[in-house]
Amino acid sequence: MIHEASYVAIAIFFAFVAVTLGISFYLGGKAKSSQGYFAAHGQIPWFVNGVAFAGDYLSAASFLGICGMIAFYGYDGFLYSIGYLAGWIVALFVVAEPMKRLGKFTFADALDSKFNSPGIKLAAGISTLAVSIFYLIPQMVGAGVLVQPLLNFPHWLGVVIVGATVIIIVVTAGMVSTTWVQFLKGSLLVLFSAILTVMIWARGFETKQGGIDGHEFRSSGPISEWATSGELRQQPGFEESEVVPPDGEWSDAPFVRTRNSAGIVAVWSKEDVGNGSVRLREAQTVETRDGQTWVNGQPKGVKKGDPELHPIGYVSKLHGGEAKSGSLGPLSFFSTLQESEVVLWPKQVIAGADGVKTTVYYQKPTPGSQILRPGEHPRFKGIRSKKPLDKLNFLSLMLALFCGTASLPHILIRYYTVKDESSARKSTIVGIASIGFFYVLTLYLGLGAMTSGSMDVTNSNMAAPLLARSMNEWLFAAISAIAFTTVLGTVSGLILASAGAVTHDLMSSYLKIEMSDHEKVRVAKIASVVVGAIAVVLGILFQGMNVSYLVGWAFSVAASANLPSLVMILFWKGVTRQGVITAILVGMFSSLGWILLSADTFTGVYGLPAEDAIAPFSQPGIVTIPLGFLTLIVVSLMTAGKSEQTTSPQSANPESA
Amino acid sequence: MDTRNARIGLVLFAVYLLLYGGFVFLNAFAADVMETTPIAGVNLAILYGFGLIIAALVLALLYGFLCKPTDEEITARGGKK
């Protein structure tokens, strides 16, 4: 789609970002020691820290990714909301208080409190870095997505802007300002999402045959399945058209190509209506010819009015044949949609005989009852399959989301910004309340976007900002600015976690480099710049993937690498130093390796066919999390008693295990 | 170690694990059940999903009320055990 920059939107956007940065510089001036830089002196009030949890956690993935997935596929995106929130229960009930009690700066401190082993610091430091960088990718992708409709910048420029801004924030400020920025944007995000949700209820549904640009998608027929040009010309609107003979993969595809008198090729999907007849429905296409992007059979334009893809997302039939539903309530919103029909736009890539690959987006009228049930997204289809193996991907993801939250380094370090365990507990409860409320809203936002008539068929990540734009320009600017600061905040939290890992775990504890307080902060700042630069590059590489899906992977790595050690240290006295080190490394490398060998990475990143992938399904959690636990237990049992490092009185006594 | 708080945490955790596990396994092995519309024309998938979010909050609040400050914290505030 062609996005026109709006000056009002840009002004609001920059004002918002400037205020955020101003606050961060102002507060950052107050934190000079390393204790202040990494942990905000442990003096953040618990309520502020709790909302900052929401700010940290409700990243681009939640806002952009989940809304986008719901907008394109229905209920399935909400599974992520449920899983992300459930993870907080693990964090609160199992991890929060011991983390606060045992550690000082990083989660490696907590793991290592019993052993004082440089090896553990090294392993935990590396895993913190790996998880943070993995988690940074979707944030950066999200940043690129945001600036596109708002400022009409290319994706890479958005990524670079975010990278640069965040590096400035982190280098000048540290944990105090990061926390206040997170508090601010966490509150605003929840507030504005609530406003948007109420507006969605008030708007209700309206039946249409196209999006907000006024284009009505055509349909025609019935016509015989193997229509000739002669038959086609008998259809109204096709008097001057001819059928393009199918070649290459077009021969087996459920599409017909027609060429009109102006020579423009249109693609139509065939919908079987029985007796060898089909109904033709207008599809949309994207292809690259001679290095230029073509849309719907014409070179893509650069300004409004030029050829471009039509926005989508509309209700095609309402219950009882009404044209408008009028305003709806929180429950009638669902019950009305349940009885309606929405046009979804799945895609299929087809290679012609000339080697040109065409991505066809075609209409799929879908009953509301299907949209509101799990299992419509291609990745979740497995749950409707009879084969148990197909269900594993789903189970694996839900397990990783459940276990992942409590193992995310940038969430864990937030426990060190409050003064004691009860503050850690209270801020987690505040966090759960704000995050839970927001996740309830995601379902409305996603379905509201699905029926807003403003979706970009090629990019699900843009659903939430485009939904706001369909309401009004001001709201769009505010939502985009909040989402942008969301990315800024989450990214700075992640970079701080990585910088802390490099400074405390790798340099100071493992390499035993003596550093003054001042030097520690400087090393951390250098580390921030390096990690930030890596994140920018990866953000550009992973452009086309749904950000929530990418975050699912980060959760898998975090849960596989960190959770086994974290939990076992708290509940099993027999854990040894070697057990912890191997468990972290095995969990991290097995989950990372699995992801790199999975079908989704093959198609999304390397551009290879999915069949070549080595991993049997895409989400590693169900294999690698138990593997981490098993490794820890086996290695601990093998090394028990041999290790002179395990000197605590309980661990010397196997009876207590 | 404050075993009382830890014990409460584990019990509540087990309760939530059952609820969440029930949701995940219903989705995976009886997806059709999720399509039924028991209340106000809203299907079970949505009701159960919202229920899980509300349950998380209720359990979290319950935990907050049941937990007592640890000994060190009471000492730190100058109070008596």
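Across the interface of chain B and chain A the rule finds 0 salt bridges, a salt bridge being a side-chain nitrogen of Lys or Arg within 4 Å of a carboxyl oxygen of Asp or Glu. This is a predicted model, in which local features need pLDDT of at least 70 and side-chain atom pairs count only at pLDDT 80 or more, while totals for chains, interfaces and linings use all residues. Residues are numbered from 1 along each chain as its sequence is written, chains are lettered from A and ligands numbered from 1 in the order in which they are written, and side-chain values use heavy atoms, with hydrogens and water left out.

The interface does hold polar contacts: 4 residue pairs, both partners at pLDDT 80 or more, are found across the boundary of chain B and chain A. A polar contact is a pair of N or O atoms within 3.5 Å; within protein, one must be able to donate a hydrogen and the other to accept it, and residues adjacent in sequence count only if both atoms are side-chain atoms. On chain B, the side that touches chain A draws at least two residues from each of α1 (3–29), α2 (44–66) and α3 (71–76). Helices (H or I, at least four residues) and strands (E, at least two) are DSSP runs, numbered from the N terminus. The largest share of that side, 14 residues, comes from α1(B). By type, the residues on this side of chain B divide into 29 nonpolar, 9 polar and 6 charged. Here Ala, Val, Leu, Ile, Met, Phe, Trp, Tyr, Cys and Pro count as nonpolar, Asp, Glu, Lys and Arg as charged, and the others, Gly among them, as polar.

In terms of contact (heavy atoms within 4.5 Å), 44 residues of chain B meet 41 residues of chain A. The two chains bury about 3,700 Å² between them, 73% of it on carbon and sulfur atoms. B:Y20, B:F50 and B:I53 supply 17% of the area that chain B buries against chain A, more than any other three residues. Buried area is the accessible area (1.4 Å probe) that two parts lose on being put together, summed over both.

The sheets described next belong to chain A. An open sheet of 5 strands in chain A has the order β1-β5-β4-β3-β2, with antiparallel pairing; two strands pair if DSSP finds at least two bridges between them. Its edge strands, each pairing on one side only, are β1 (219–224) and β2 (242–243) of chain A. Within chain A, β4 (residues 265–274) and β5 (residues 277–282) run antiparallel and are joined by 6 bridges. One residue of β5(A), A:E282, is the bridge partner of A:W268.

A:E282 also forms a salt bridge with A:R218, the closest N and O atoms being 3.5 Å apart. This pair links distant parts of the chain, 64 residues apart: A:R218 lies in the loop between α9 (175–203) and β1 of chain A, and A:E282 in strand β5 of chain A. Over all chains, the count comes to 8 salt bridges.

A further open sheet of chain A has 3 strands in the order β9-β10-β13, again with antiparallel pairing. β9 (314–317) and β13 (364–367) of chain A are the edge strands. Between β10 (residues 341–344) of chain A and β13(A) there are 4 bridges, and A:L344 has A:K364 as its bridge partner.

Strand β6 (residues 284–289) of chain A is joined by 4 bridges to the antiparallel strand β12 (residues 357–361) of chain A. β6(A) also pairs in the antiparallel sense with β7 (residues 292–295) of chain A, over 4 bridges. A:V286 has A:T359 as its bridge partner in β12(A) and stands opposite A:V295 in β7(A). The hairpin of β6(A) and β7(A) has 2 residues between the strands, and A:D290 takes a positive phi near 50° there.
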